[in-house]
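Hello,

Here is the structure you asked about. My notes follow below it.

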Amino acid sequence: MRRNMIETVMGGVVLLVAVAFVVFAFRSTSIGDGAGDGYQVLVSFDDASGLNIGTDVRMAGVKIGTVVEQRLNPDTYFAEVLLGINDAIRLPSDTSARIIPDGLLGGNYVALEPGGAEDYIADGGQIQYAQGSINVVDLLGRFIFSAADAASDSGSQGAETPQ
């Protein structure tokens, strides 16, 4: 009888730990941070690789919103990204947006850089200046091949002897 009681208590402890983990996970993600309470701003990128719904929007390294929606504009073939911005943050009309990698192996985030304009982007407005994501693997490949071409060009020039 005592063994059944110990097993019941241990089962209860496991359930409490599981519930505590779920509560912690819910509070530490963007699901519970009220990201949908702010206003929305549209930005068009030529390449929105690495962005997903819920991706951070940061200004000066501080999270000020999240990516709410992504879609492809069938006329321009640009990625249109809808950002949910905290109501307390007012974006100048000449704010620019860039997609920045979050470390070597991490994902990307949208970095906003405020301009100096005196008027602000309203709810449903658009950010005019945007730079899409940079493909680091493509850049590395270009660097390697350009270095190899430069080495082969200098090697072939050194092998020639004037007569």
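**Salt bridges and core**

Glu80 is buried, at 13% relative accessibility (buried is under 20% relative accessible area, exposed over 50%, partly exposed in between; 1.4 Å probe, protein chains only). Glu80 forms a salt bridge with Arg71, with the closest N and O atoms 3.1 Å apart (a side-chain nitrogen of Lys or Arg within 4 Å of a carboxyl oxygen of Asp or Glu). Arg71 is partly exposed, at 36%.

This is a predicted model: local features need pLDDT of at least 70, side-chain atom pairs count only at pLDDT 80 or more, and totals for chains, interfaces and linings use all residues. Residues are numbered from 1 along each chain as its sequence is written, and side-chain values use heavy atoms, leaving out hydrogens and water.

Mean pLDDT (the predictor's confidence in each residue, from 0 to 100) is 84, and 87% of residues reach 70 or more.

The salt bridge count is six. Asp56, Arg58, Lys63 and Asp102 are linked in a network of them. Asp56 meets Arg58 at 3.4 Å, N to O. Asp56 also pairs with Lys63, at 3.5 Å between the closest N and O atoms. Arg58 is buried, at 17%. Asp56 is partly exposed, at 22%, and so is Lys63, at 35%.

Now the core. The largest nonpolar core has 21 residues (buried Ala, Val, Leu, Ile, Met, Phe, Trp, Tyr and Cys joined through side-chain atoms within 4.5 Å). Phe45, Leu83, Ile85, Val110 and Leu112 touch the most other members.

Best wishes
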